[in-house]
Amino acid sequence: MKENDQPLDDIKTIKKIMEQSARFISLSGLSGISAGIIAIAGAVTARIIINGPVIHKWYYSPALDFTEDNRRTIILLLINAAAVLALAVSSAVWFSWRKAGRSGNRIWTPVTGRLLLNLSVPLLAGALFILLTPGRLDGGMIAAATIIFYGLGLVNAAKFTLGEIFWLGIMEIITGLACLVMPGWAFIFWVFGFGILHIAYGVFMYLKYKG
Amino acid sequence: MKELLSNINKAFESRVRLGIMSVLIVNTQADFRTLRDTLEVTDGNLATHLRALEEAGYITSEKRFLNKKPNTVYRITSEGTESFRNHINALEELIKHK
């Protein structure tokens with residue numbers, strides 16, 4: 001190494017260590033794309049579970065009666081939801097793990113823990129909000145609440161990862177609030193919030209950060 | 001050139017010390033293990049540099065027990081923050097004037 005390169009190398013090292021130790025930088029754009037596709041597939045499956053394969057007015061939100069004879073439907077919906085969550089999370093982890101490996105970063109650091117903690121607090125609050133609401137929320141309200149609390153989670157977690165996550169969170173919150181205003185269109189808003197926004201974000205990030 | 005070099009802090013010349021300060025300036029605190037894993041250095045090497053920085057007054061350490069195992073947590077002091085900022089600025093000046 002030439003002596004002249006020392007200051008530049010030092011600055012590069014400082015920058016790399018600062019980024020690595022304060023932010024989770026291995027989040028892959030492909031994670032967003034795969035999560036979006038899985039969310040859309042899950043939403044369509046839920047729609048078919050509720051209304052059967054032939055759907056009239058497919059854009060309109062289904063009404064679900066939480067009565068005894070609907071137990072089978074509800075169990076199917078829960079299985080569907082669990083499958084969507086498991087697939088989306090595992091694909092996000094897989095793509096990030098691949099990206100981390102390629103760029104020589106570790107995926108599990110104290111920052112990863114802080115990121116997940118900050119993401120999960122609003123998510124858990126949202127889940128409890130839906131479950132503990134006296135009486136029952138209609139489908140439109142549930143869809144709106146999941147999108148809004150997810151957006152809050154992203155805004156909260158953004159300081160521990162790439163800054164663009166903040167804006168994704170803001171867009172999710174706006175989508176959720178719009179869904180609250182027009183609950184009849186919840187299916188469309190949900191597909192937009194969890195599907196289209198994720199895919200658009202993923203493509204943008206993939207092109208920007210090349211991975 | 002001499003003026004430019006005057007802000008280059010001798011205490012930060014080693015790569016390990018540069019690394020320690022970089023981690024601590026963006027995190028409120030970091031424990032020994034985290035520093036070791038981030039900087040990929042040996043325990044002995046890291047301990048030596050941590051002690052030097054602590055003696056210079058740039059960082060503080062606090063010993064505590066986590067699951068009955070000793071765990072030392074390090075934080076940057078305000079003096080350390082200022083010195084490290086000056087050091088980074090001096091490095092940038094050096095690059096500009098090359």
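**Exercise 1. The nonpolar patch**

Which helix of chain A gives the largest share of the nonpolar patch? Identify the patch, then place its residues.

*Solution.* 
Step 1. Note that the model is predicted.
Step 2. Collect the members. A:Met141, A:Leu177, A:Leu180, A:Val181, A:Met182, A:Trp185 and A:Ile188 make a nonpolar surface patch of about 620 Å².
Step 3. Find the main contributor. Helix H6 of chain A, residues 164–181, supplies the largest share, three residues.

**Exercise 2. The fold of chain B**

Describe chain B by its elements, their order and its span.

*Solution.* 
Step 1. Count the elements. Chain B contains five helices and three strands.
Step 2. Read them along the sequence. The pattern is α-α-β-α-α-β-β-α.
Step 3. Take the span. The C-alpha trace of chain B covers about 50 × 25 × 20 Å along its principal axes.

**Exercise 3. Where the chains meet**

How many residues of chain B are in contact with chain A? Work out which parts of chain B take part.

*Solution.* 
Step 1. Count both sides. In chain B, 19 residues are in contact with 17 residues of chain A.
Step 2. Take the area. The two chains bury about 1600 Å² between them, and 67% of it is on carbon and sulfur atoms.
Step 3. List the polar links. There are three residue pairs in polar contact between chain B and chain A. The count of salt bridges between these chains is one. B:Arg15 and A:Asp10 form it through their side chains, at 2.9 Å, N to O.
Step 4. Name the helices. In chain B, H2 (15–26), H3 (32–39) and H5 (78–96) each supply at least two residues of the side that touches chain A. H2(B) gives the most, with seven residues.
Step 5. Sort by type. The side of chain B that touches chain A has ten nonpolar, five polar and four charged residues.

Key
Residues are numbered from 1 along each chain as its sequence is written. Chains are lettered from A and ligands numbered from 1 in the order in which they are written. This is a predicted model: local features need pLDDT of at least 70, side-chain atom pairs count only at pLDDT 80 or more; totals for chains, interfaces and linings use all residues. Side-chain values use heavy atoms; hydrogens and water are left out. Contact means heavy atoms within 4.5 Å. Buried area is the accessible area (1.4 Å probe) that two parts lose on being put together, summed over both. A salt bridge is a side-chain nitrogen of Lys or Arg within 4 Å of a carboxyl oxygen of Asp or Glu. A polar contact is a pair of N or O atoms within 3.5 Å; within protein, one must be able to donate a hydrogen and the other to accept it, and residues adjacent in sequence count only if both atoms are side-chain atoms. Helices (H or I, at least four residues) and strands (E, at least two) are DSSP runs, numbered from the N terminus. Ala, Val, Leu, Ile, Met, Phe, Trp, Tyr, Cys and Pro count as nonpolar, Asp, Glu, Lys and Arg as charged, and the others, Gly among them, as polar. Patches are made of residues with over 30% relative accessible area and no salt bridge: like charges are joined within 9 Å, nonpolar side chains (Val, Leu, Ile, Met, Phe, Trp, Tyr) within 5 Å. Accessible areas come from the Shrake-Rupley method with a 1.4 Å probe; for residues, only the protein chains shown count as cover.
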